[in-house]
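Student: I've got a new structure open and I'd like to learn how to read it. Can you walk me through some features?

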Amino acid sequence: MTRRWIEHWDPEDDEFWETTGKRVARRNLWFSVFSEHIGFSIWTLWSVVVLFMGPAYGFSAADKFLLVSTPTVVGAIMRIPYTFAVARFGGRNWTVISALLLLIPTVLTAVVLHPGTSLGTFVLMAALGGVGGGNFASSMTNINTFYPERHKGWALGLNAGGGNLGVAVIQLVGLLVIGTVGATAPRLVLYIYLPLIVIAATCAALFMDNLASVRGDTKAMREVVRYGHTWVMSLLYVGTFGSFIGYSFAFGLVLQNQFGRTPLQAAAVTFLGPLLGSLSRPIGGWLSDRIGGGRVTFATFGAMALATVVLVLASSADSLATFTAAFIVLFVLTGVGNGSTYKMIPAIFQVKARAAIQAGADEATELRNARRLSGALIGLAGAIGALGGLFINLAFRQSFATAHSGVPAFVGFLVFYAVCVGVTWFGYLRKPAVRTQVALAGAEV
């Protein structure tokens, strides 16, 4: 696996990009999306599996929220080593390895998935499925190095959005299985994904490349934690991606427990949120390329707060139609926010690099350093952001256990979105910050 190393890569050079870079970057992007897409499906597998768990399994609503929470936290933790793995093994090589690792939870879950299996065994299987969450971090870190600054919003949004679609697709597969053979054959979902995992690994091996410019660089993470922007962006990503993945796991269970939906009725609508949220992610990146990531993020969090208010009112009025519509709108907004926050990340280090270049530093060195640091922050923010999914499911678990409703959880989410609105404005949009902060990507200051 050492024949596919690219020694020279300079996407900021217009001539190199147009003659060579664009073609190679796009090829790596599409196959990275495919592998990441399958990873997301396996990561969110348990949002589908719990819909098959009828009375014969003997699990309460709290037990099921525990099962969907477990892969969330494991996936978040796995994103840190997966970010390092790109530098250690190469982007193409690690994509092959990470795809093959998905076979472990898929095969083992198929073996134990039947009534009578203990909750502890299922929790272990859900934890193993968390490896799929790591694929996102390595994929985004890798693709970030392939694209020039002016195209990163769109490229990263497309890469992440295509991966996020794995959530909606596996829920559609679950709906297909429930609708055709009933809620007693969950293994069929797993059997569908086994060959897809093998195909993803094979395509990565045949068509992707490694970049020598990032090889062996495992110090970037230690450097990036010293920046204040690292923790601000991680907080904002908790609000965008954390909401997306948390709601993706919980949507079906909320419909079942709050509105008495059957598994088929829940599955018939739960895929819509992740689907539209995934499709809107590239739009968030595209808008940020043009009007600025800070502005898009600020507006998105404001709209998310309003959508959450509607959810509280719909829950109190027991209005299923309004609740479902507002939840789907909230999914769309999380996708837009995912794209805009990730556009902001490479801009931070790009502006720092430009300042250093103007002060006399070597241009190639500074731009390369900007790419490596932004890749590290993408991985770290992705890991911390994914923990938001855990918090959301734990909040729902407690909310339903104590109030038999999701309203207390939604009130908590509303407060958090309000905090994110304030943080975005204070850090990136208020007048003194416009010229001193650097995350207003895509807009001329």
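This is a predicted model: local features need pLDDT of at least 70, side-chain atom pairs count only at pLDDT 80 or more; totals for chains, interfaces and linings use all residues.

Student: Is tryptophan 9 buried or exposed, then?

Tutor: Tryptophan 9 has a relative accessible area of 7%, so it is buried.

Student: How do I read a pair of aromatic rings?

Tutor: You describe such a pair by two things, the distance of the centres and the angle of the planes. In this structure there are 38 aromatic pairs. Take tryptophan 9 and phenylalanine 146: their ring centres are 5.3 Å apart and their planes stand at 70 degrees, so we call the pair edge-to-face. The cut-off behind that is an angle over 60 degrees.

Student: Where do those two sit in the chain?

Tutor: Tryptophan 9 is in the loop between β1 (5-6) and α1 (14-43), while phenylalanine 146 belongs to helix α7 (residues 131-146). They are 137 residues apart, so the pair links distant parts of the chain. Phenylalanine 146 is buried too, at 0% relative accessibility.

Student: What kind of pair do phenylalanine 31 and phenylalanine 207 make?

Tutor: A stacked one, because the planes are at 20 degrees, with the centres 4.8 Å apart. Phenylalanine 31 is in helix α1 and phenylalanine 207 in helix α9 (residues 187-207), so this pair ties together parts 176 residues apart in sequence. As for accessibility, phenylalanine 31 is partly exposed at 22%, and phenylalanine 207 is partly exposed at 35%.

Student: Which residue lies over the face of phenylalanine 89?

Tutor: That's arginine 88, at 5.2 Å from the ring centre.

Student: What about serine 35: which residues is it in contact with, leaving aside neighbours within four places in sequence?

Tutor: Serine 35 touches Thr95, Ala99, Asn135 and Ala200. Serine 35 is in helix α1 and counts as buried, with 3% relative accessibility.

Student: Now helices. How do α15 and α16 cross?

Tutor: For two helices, look at how their axes approach and at what angle. Helix α15 (residues 320-358) and helix α16 (residues 363-403) have axes that come within 8 Å and cross at roughly 155 degrees. That makes the two roughly antiparallel, and the crossing is right-handed.

Student: Which residues meet there?

Tutor: From α15, they include Tyr342, Ile345, Pro346 and Phe349; among those they meet in α16 are Leu367, Ala370, Leu373 and Leu377.

Notes
Residues are numbered from 1 along each chain as its sequence is written. Side-chain values use heavy atoms; hydrogens and water are left out. Rings of Phe, Tyr and Trp (its six-membered ring) pair if their centres lie within 6.5 Å; planes under 30 degrees apart count as stacked, over 60 as edge-to-face and the rest as tilted. Helices (H or I, at least four residues) and strands (E, at least two) are DSSP runs, numbered from the N terminus. Buried means under 20% relative accessible area, exposed over 50%, partly exposed in between (1.4 Å probe, protein chains only). A charge sits over a ring if NZ of Lys or CZ of Arg is within 6 Å of the ring centre and within 35 degrees of the ring normal. Axes are lines fitted to C-alpha atoms, for helices over the stretch in contact, and angles run from 0 to 180 degrees between N-to-C directions. Angles under 35 degrees count as roughly parallel, over 145 as roughly antiparallel, 65 to 115 as roughly perpendicular and the rest as oblique. A crossing is left-handed if the near helix is turned anticlockwise from the far one by less than a right angle, and right-handed if clockwise. Contact means heavy atoms within 4.5 Å.
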